[in-house]
Amino acid sequence: VNAVDDTTLEISNADGLSVRISVDAKTGLPTGEVFGAGNMGRIEQRWENFQPSAGLQYPRKLTVFRDGKKFADVTIKDVQINTGATAEQISKRPLP
């Protein structure tokens with residue numbers, strides 16, 4: 001783990017894989033990450049609109065870039081933590 005600057009951390013392993021995580025200087029919340037994804041190229045995710053759920057802050061908007069081009073906009077409507085899911089519910093296969 002290395003500090004690239006005051007708001008960016010770089011985490012890497014012995015195989016040369018790495019991710020850079022940006023942090024908002026005022027809130028301390030992560031604002032995004034950048035990493036290499038093999039055949040998919042360079043992936044950047046930007047996280048915005050943090051809201052509380054179960055006492056933690058979660059982003060409700062994600063923007064994904066692939067090799068510098070916008071790939072997806074994601075809106076998260078609801079976050080639920082430790083809802084008491086049963087083993088049966090978790091092991092259900094999705095419908096085709």
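Which residue in E7 is the bridge partner of Val64? In this predicted model, in which local features need pLDDT of at least 70 and side-chain atom pairs count only at pLDDT 80 or more, totals for chains, interfaces and linings use all residues. Residues are numbered from 1 along each chain as its sequence is written, and side-chain values use heavy atoms, with hydrogens and water left out.

View 1. The bridge partner of Val64 in E7 is Ala72. Six bridges join E6 to strand E7, which covers residues 69-75, and the two run antiparallel; strands here are DSSP runs of E with at least two residues, numbered from the N terminus, and two of them pair if DSSP finds at least two bridges between them. Asp67 lies in the loop between E6 and E7, and its phi is near 50°, a positive value in a residue other than glycine.

**View 2. Strand E5 and strand E6 pair in the antiparallel sense.** Ten bridges connect E5, residues 42-53, with E6, residues 56-66, and Glu48 stands opposite Lys61 in E6. The hairpin of E5 and E6 has two residues between the strands, and Ala54 in the turn has a positive phi of about 55°. Asn49, found in strand E5, also has a positive phi of about 55° although it is not a glycine. With a relative accessible area of 44%, Asn49 is partly exposed, a class that lies between buried (under 20% relative accessible area) and exposed (over 50%), using a 1.4 Å probe and protein chains only.

View 3. Strand E1 (residues 2-5) and strand E2 (residues 8-12) pair in the antiparallel sense over three bridges, and they form a hairpin with two residues between them. E2 is also joined by five bridges to strand E3 (residues 18-23), again in the antiparallel sense. The hairpin of E2 and E3 has five residues between the strands, and there Gly16 takes a positive phi near 90°.

**View 4. Val1, Leu9 and Ile11 form a nonpolar patch on the surface.** Together these residues have about 270 Å² of accessible area, which comes from the Shrake-Rupley method with a 1.4 Å probe, only the protein chains shown counting as cover for residues. Leu9 is found in strand E2, and Leu9 counts as partly exposed because its relative accessibility is 35%.

How values were computed. Helix = DSSP H or I, 4+ residues; strand = E, 2+ residues; numbered from the N terminus. Patch = residues over 30% accessible without salt bridge, like charges linked within 9 Å, V, L, I, M, F, W, Y side chains within 5 Å. Salt bridge = Lys/Arg side-chain N within 4 Å of Asp/Glu carboxyl O.
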